[in-house]
Amino acid sequence: MEDRSRAVGTFQAGDYAVFAALFVVSSSIGVFFAIIERKKPSSKEFLVGGRQMSCGPVALSLTASFMSAVTVIGAPSDVYRYGASYVIFGVAYTFVVFLTAELFLPVFYRSGITSTYEYLELRFCKPVRVAATLIYILQTILYTGVVVYAPALALNQVTGFDLWGSIFATGIVCTFYCTLGGLKAVVWTDAFQMVVMVVGFLTVLIQGASRAGGIESVWSTAHAGGRMNVFDFDVDPLRRHTFWTLSVGGTFTWLGIYGVNQSTIQRCISCKTERHARWALYLNLLGLWIILFCAVLSGLIMYTFYSRCDPWTAGAVSAPDQLMPYFVMEILGAFPGLPGLFVACAFSGTLSTVAASINALATVTYEDFVSQCFRDLSNRAANWISKALCVLFGVACTTMAVAASYMGGIVQAALSIHGMCGGPMLGLFSLGILFPVTNRKGAVGGLIVGISLSFWVGVGAFIYPAPSNNTRPLELNTAGCNFSLTADGSNQTSVTSDRHWLADSWYSMSYLYYSAVGFIGTVAAGLLITLLTGPLDPKNVKPGLTRSVKDVICFCSEKFMQADFSEDKEDMGDFGMAWEKHTDTEGVIKMEEKVKSDNDSLHENGYSNAAFDHNETSQVQAKL
């Protein structure tokens, strides 16, 4: 085993050059789109890219923002401590992408909406829309704070830069190119940053495997250290990571992020057609698998390298989330530019996630609040307001990063936030889409119950951390260290006698089940309240706002097999606006029937996000 007595190096001129190049290119993309789009002052152009994006860049954008620095830094550390069972998230990703593409996307895309929360007003009422928007804003700012803090921690660990200075620098760059170029800048910058992430990971994998003795050595050492025990089928919900928590709990958690999250849906509805949007999601799944594999393999290589001298237990690093950057500096420190490439990799995920969040926050705020209060804004005024909102939320997300330093492990903190807020949101949209009988009272009551349950368990778990017999971190070794230990060697959660009785049961639930708790609570309470207050007649639900299980599995139907999927067969116009133009349900149904009769062979994938042709719409209005 190699000598661990030497100090880990710091950034050199080449590292700074590589790292600075990331910011320069990202900012330049924002400037580029600000210049070429200067003659298109529409807020729609700024917020949803004119709905003319192709599936390739959108797929890369989705993957880059999804796989943030939380994955680049936190996931390998999680594998290092708990084993390769993290790879089972790949199962959850598969279910999530399929359900998003086949269940939620068609409803949102065909509605012609810009903010996903517009759907809630169409399906239920305005107060539900407002409440959901406020919850989303809170959730996103909290999550983005964690995402900003993670790479700043990495930079602080490997270079000694001031932690808070790094945070503010990150927020300024993200806000800059997001505000200048809008969604197009976000998507294309994400595509560039996705390439940087993959190259950074590959650099670490190649050099790390070489320094660890090769892949065979990595495999055998990880197996001997218990890191390859992937499939644990224990059904105990208190266990942190098992097959069921990662696959089932992970599906609920990520579906709340993907299926009904504004940041994801906004990029999907920016695509030219629904088929492009679906392809973007499925191509994105391939990217998710690749990044997940890289993260897990990095964790195993890191464990092999430190199998006889754990730097965390030995006190070389103060937190598990610092392990990955510490490892990178040790194996790449002798190669000028390569440590900078890894930190650029971590920052790429952050810039992508933060920019997408800022753009999404600006979109929902403008669509759900500003445009509702000021209906006569000019295109130029709307565009400037949208840019101002980007600046506002850039400041808010950057400031929130300060609080992230008190939230513990970044992976668990990030997913806990999404679970507590995303689960009830997933339940609320599911009530509207899957259960036509749900009324507005059921929606409001279900949301209140779901939020209460998920925050109860999430906040309780933060106050009373789960004992080590539930988290079960694997053994770490310091026998091979050639320097003095500065820590007590303990990484277990202490359990004191004054713990609340709920601490070892309800509060010790796996953080991956927070979303499931919120979802189940919302749906169950919503349906019960609906039953008690009088179910809604499904015939009175506006067309296109619900989707049955049969629709989801339509690819098995004979109609699907015979469908013509050629693109852009007909311009569908602002389909979502039809309900506002025709307040009588019967008239809407007649218009819907006419559209369907004219597009029988189009089926699902041929829908265009351009919406109804205005001439066609006026003819339908005249007939009605």
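**Reading the interior**

A: Start with the core. The largest nonpolar core holds 163 residues, and F104, Y119, L120, Y258, F327 and L428 have the most contacts inside it. Helix α14 (residues 338-373) gives the most to this core, with 17 residues. This is a predicted model: local features need pLDDT of at least 70, side-chain atom pairs count only at pLDDT 80 or more, and totals for chains, interfaces and linings use all residues. Residues are numbered from 1 along each chain as its sequence is written, and side-chain values use heavy atoms, with hydrogens and water left out.

Q: What is a nonpolar core, and what is a helix here?

A: A nonpolar core is a set of buried Ala, Val, Leu, Ile, Met, Phe, Trp, Tyr and Cys residues joined through side-chain atoms within 4.5 Å. Buried means under 20% relative accessible area, exposed over 50%, partly exposed in between (1.4 Å probe, protein chains only). Helices are DSSP runs of H or I, at least four residues, numbered from the N terminus.

Q: Which residues does Y258 touch?

A: Contact means heavy atoms within 4.5 Å. Leaving out residues up to four places away in sequence, Y258 touches L62, F66, V96, V97, T100, T264, I265, L281, N284 and L288.

Q: Is Q207 buried or exposed?

A: Q207 counts as buried, because its relative accessibility is 19%. Q207 lies in helix α8 (residues 163-211). Beyond its neighbours within four places in sequence, Q207 contacts I331, L332 and F335.

Q: How many disulfides are there?

A: A disulfide is a pair of cysteine sulfur atoms within 2.5 Å. The count is 0. The closest cysteine sulfur to that of C397 is in C174, 9.2 Å away, so too far for a bond.

Note on methods
Helix = DSSP H or I, 4+ residues; strand = E, 2+ residues; numbered from the N terminus.
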